[in-house]
Amino acid sequence: MRLLPLALLLMLAACQTPTAGNEGGAADSAEAQRAFSVDELQRRTFHYFWETALPDNYQIPDRWPTERFSSIAATGFGLTAYLVGVERGYVTRAAAAERTRLTLEKLWSLPQGPAASGVAGYKGLFYHFLNNDDALRYGDVELSTIDTGLLIAGILSAQSYFDGNNPDERRIRELADSLYRRVEWDWSLNEQGRMSMGWRPDRGFIPAEWKGYNEAMILLVLAMGSPTHPLPDDAWERWSEGYEWAEFKGYDHLNFSPLFGHQYSQMYIDFRGIQDAYMREHDSDYFENSRKGTLSNRAYCIDNPDNFVGYGPNQWGLTACDGPAGLDTLVDGRPVKFYTYRARGASADHVIDDGTIAPTAAGGSVPFAPEECLAALEHMWTTQYDSLVGQYGFKDAFNLTYTFGEGNAGGWYDTDYLGIDQGPILIQIENHRSELVWKLMKKNPYIRRGLERAGFTGGWLEG
């Protein structure tokens, strides 16, 4: 049974006649709804996953309210979101276990094969996007290694969480194990010993490969930890050959421009105090590295070299997100290219900035720089509530510089929520508050094996 959307519940509550002597109650309630708290932000963001999961196949839509297709990465984040929901009291453990079991059973039953249509995946991997109705390949999208990795990460978080002895929880663990063991990670290796980013039936493997620091650390760890189709011993070495250490805005670190590259893997793995060969050489770890990446992203926005409207110490954050348009135009006499969906970011590697800020940039980085990130979230929530916040928390992005078109004098605000941007907000705030997902994944033998094969030592791995 699907829950009523939060907006409808609030509307119904607002329609009730206040009791005598409580005329101010409705106004007080409305004001309370606008007040910022991490509890309220997490609660609303959780309900994106709980309420928009597609009927019958339980996959998570790529975006909402725009209806296009589901995203296997968002489904992985949704499986982890259910665990947060149990711990925070938003749903019961039994309800979350049932939803999780149904989701995994659907994923396991979806057809796999080399055909161009009528299947959801091949070699245990899944296509990037699936149709909303039958959960089969959407259009011409690729069989995605990273999105499969993020799906499997969510699946393994559920495997570690649901450790009970009742039928639902036993079935979850069995299905999670089967889905993980089915993935043929080594099939995607190219001649350089690196994983391809994807494959299509009619064109074969995508030339782009996973090399260098980015969001795919979790993918490499999962692929190296596989008991059935593991990558070779030198896979992490081949991956890290593309690393570039550099200074940006006063922070020496391993750079990656969009903040999602720092967030996705660390939603699932606690990198504090554990090091691979590269981080031992630089006397750092990936958590500290992402702290510097977050603060340098913020410092760039504070400097605001292109004078975009609204940037400041409490309003910042460049990452992959929606944007206002795909056009070139002039702002104050200078050319500016505005993008639609694009991986925006700033680092020594490159800068892509069109004035678009995404709340998930700060929200997904809360563990790295909690004071700065929470201040930004509170500021954006309280100063732009009517345009930026809705029933599922923060809408995806906004751009105060883009003021073109009738009725657009106040800037551009997205109307959609994106599943892959909602996930980091909910999960990373929970990691900051309770370390829930980090603790779960530390117990998972596949994650530990993958890290150890990649050469990680120290910290909690020594326990």
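1. Start with a facing pair. N399 stands opposite W412, and W412 belongs to strand β21. Keep in mind that this is a predicted model. The strand that pairs with β21 here is β20, residues 398–399. The pairing is antiparallel and runs over two bridges.

2. Now widen the view to the sheet. Three strands make it up, in the order β17-β20-β21. The sheet is open, and its pairing is antiparallel. Which strands sit at the edges? They are β17 (356–357) and β21 (412–413). Each of these pairs on one side only.

3. Next, the nonpolar cores. The largest has 103 residues. Five residues have the most contacts inside this core: W185, W236, Y268, Y286 and L451. Which helix gives the most to the core? Helix α4, residues 72–87, does, with 10 residues.

4. Finally, turn to P167. This residue lies in helix α7, which spans residues 167–182. Is P167 buried or exposed? Its relative accessible area is 59%. The cut-off for exposed is over 50%, so P167 counts as exposed.

5. One distance to check in the viewer: P167 to A120. The two are 47 residues apart in sequence. In space, they are 27 Å apart, C-alpha to C-alpha.

Terms used. Residues numbered from 1 in each chain as written. Predicted model: local features only at pLDDT ≥ 70, side-chain atom pairs only at ≥ 80, totals over all residues. Heavy atoms only, no water. Pairing = 2+ DSSP bridges. Helix = DSSP H or I, 4+ residues; strand = E, 2+ residues; numbered from the N terminus. Core = buried A, V, L, I, M, F, W, Y, C linked by side-chain atoms within 4.5 Å. Buried < 20%, exposed > 50% of the residue type's maximum accessible area, 1.4 Å probe, protein only.
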